[in-house]
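The model is predicted.

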Amino acid sequence: MKKNENSKEIKFTDTNNPKRITFFNRFKRAIFNVETYGEFLLEKTSVTIKYFLMLVLIVSLILAAVSTYYFANLVEKGYNYIKSELPDFTYENGKVKFANLAEGHDKDIDLYNIINTDSELSNGVEESYKEKVKNYSHAIIFLQNKIIIFEKGNFSEFSYSEIENNYKVDIKNKADLIQILDTMGMSGINITYFVAVTFSLYLANIMTYILDILLIALFAYLTGRIVGLPLNLTKSFVISIYALTLSIILSTIYTAVYSLTGFVIEYFNAMYLLIAYIYVIAAILIIKSDIIKQHVELQKIYKVEAQVKKELEEQKDKDKDENEENKKEDEKKGKDKDEEDDQPVINREPDGSEI
């Protein structure tokens, strides 16, 4: 990490070429090791985006499995109902005629069923049926020319001719319907549903989480500037993805539990974002603290280097002075010797060595 002198933003450079982190190790760090978020900032943004897409895919598969389990129970109950309890009917020219009227309630899945294919049915009766089924989680209303489905507080209407044209099915009576269901098989229906739900959930979750990430990234950007760690928007985006990891997992668990039991946690959405904000604040403060520690360590290193340099220069000057003194002494000794050799010989008697 280094600070660009021409910019107020902190620049993170991959100078140490950190080793590749596996998805599950990255997932673990995102939740339990906030102090490692600084390492994620050294990586390319594309690495974080891949992590996000993989996380969303896993979450979507989990939710799709839960939804398929719930759907499979509905399909099995529906199949048994069609074989055992559904009145005989005939279909022709976009209109259905059941042998008799019927109403029933399945307490296990809270499903209410109404069958009335009377051609004289008035709009008032249809509206009264809709009001009646609003008290249940699910409902199916069979009328002469259409079917009305109530799910999660919303009504959907489909004409029989529309179903026939879109799905290319040829059903004239109850026996044809049972034969088609037997041909498809329950497993085939469930697998088709699982694939379709996974794909739709994946796209929907990506869009939903991206909006949350942008909101958290803005929070990280502003928080960084408040504490003196001016991150750019790209690094704020990276931090927000990892900070949202735990919230995504908790949201997945809550959605699965709600789908299976109907259990509701009040203000969960507020807690969902609050957890991510806490991770962002913790990560930014830790990164800021690490930078301060690194700065202190660098200052210590600079001081030691300066001291060593000073001592080396002093030693160099001392050695130079000693060399000069030694040189002067050598020159003086040489001069003295020359002067001694140049003195005349006086009162010296021959000692016989001259012979």
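## Arg 29

Arg 29 is located in helix H1. With a relative accessible area of 17%, Arg 29 is buried, because the cut-off for that class is under 20%. Its side chain forms a polar contact with the side chain of Glu 39, at 2.7 Å.

Leaving out residues up to four places away in sequence, Arg 29 touches Ile 21, Val 34, Thr 36, Tyr 37, Glu 39 and Phe 40.

## Nonpolar cores

The largest nonpolar core has 39 residues, and Tyr 37 and Ile 239 touch the most other members. At least two residues each come from helix H1 (23-32), helix H2 (37-40), H3, helix H7 (186-226), helix H8 (233-243), H9 and helix H10 (268-341). H10 gives the largest share, 10 residues.

Beyond its neighbours within four places in sequence, Ile 239 is in contact with Tyr 37, Leu 41, Leu 231, Val 280, Ala 283, Ile 284 and Ile 287. Another core, of 17 residues, lies apart from this one; Leu 86, Val 96, Tyr 160 and Leu 177 are among its members.

## Packing of H3 and H9

Helix H3 (residues 45-84) packs against helix H9 (residues 245-261) at an angle of about 10°, and their axes are 10 Å apart. H3 is therefore roughly parallel to H9, as angles under 35 degrees fall in that class.

On the H3 side the contact includes Tyr 51, Leu 55, Val 59 and Ile 62, and on the H9 side it includes Thr 245, Ile 248, Ile 249 and Thr 252. The residues of this contact comprise 12 nonpolar, four polar and no charged.

Definitions and conventions: Residues are numbered from 1 along each chain as its sequence is written. This is a predicted model: local features need pLDDT of at least 70, side-chain atom pairs count only at pLDDT 80 or more; totals for chains, interfaces and linings use all residues. Side-chain values use heavy atoms; hydrogens and water are left out. Axes are lines fitted to C-alpha atoms, for helices over the stretch in contact, and angles run from 0 to 180 degrees between N-to-C directions. Helices (H or I, at least four residues) and strands (E, at least two) are DSSP runs, numbered from the N terminus. Angles under 35 degrees count as roughly parallel, over 145 as roughly antiparallel, 65 to 115 as roughly perpendicular and the rest as oblique. Contact means heavy atoms within 4.5 Å. Ala, Val, Leu, Ile, Met, Phe, Trp, Tyr, Cys and Pro count as nonpolar, Asp, Glu, Lys and Arg as charged, and the others, Gly among them, as polar. A nonpolar core is a set of buried Ala, Val, Leu, Ile, Met, Phe, Trp, Tyr and Cys residues joined through side-chain atoms within 4.5 Å. Buried means under 20% relative accessible area, exposed over 50%, partly exposed in between (1.4 Å probe, protein chains only). A polar contact is a pair of N or O atoms within 3.5 Å; within protein, one must be able to donate a hydrogen and the other to accept it, and residues adjacent in sequence count only if both atoms are side-chain atoms.
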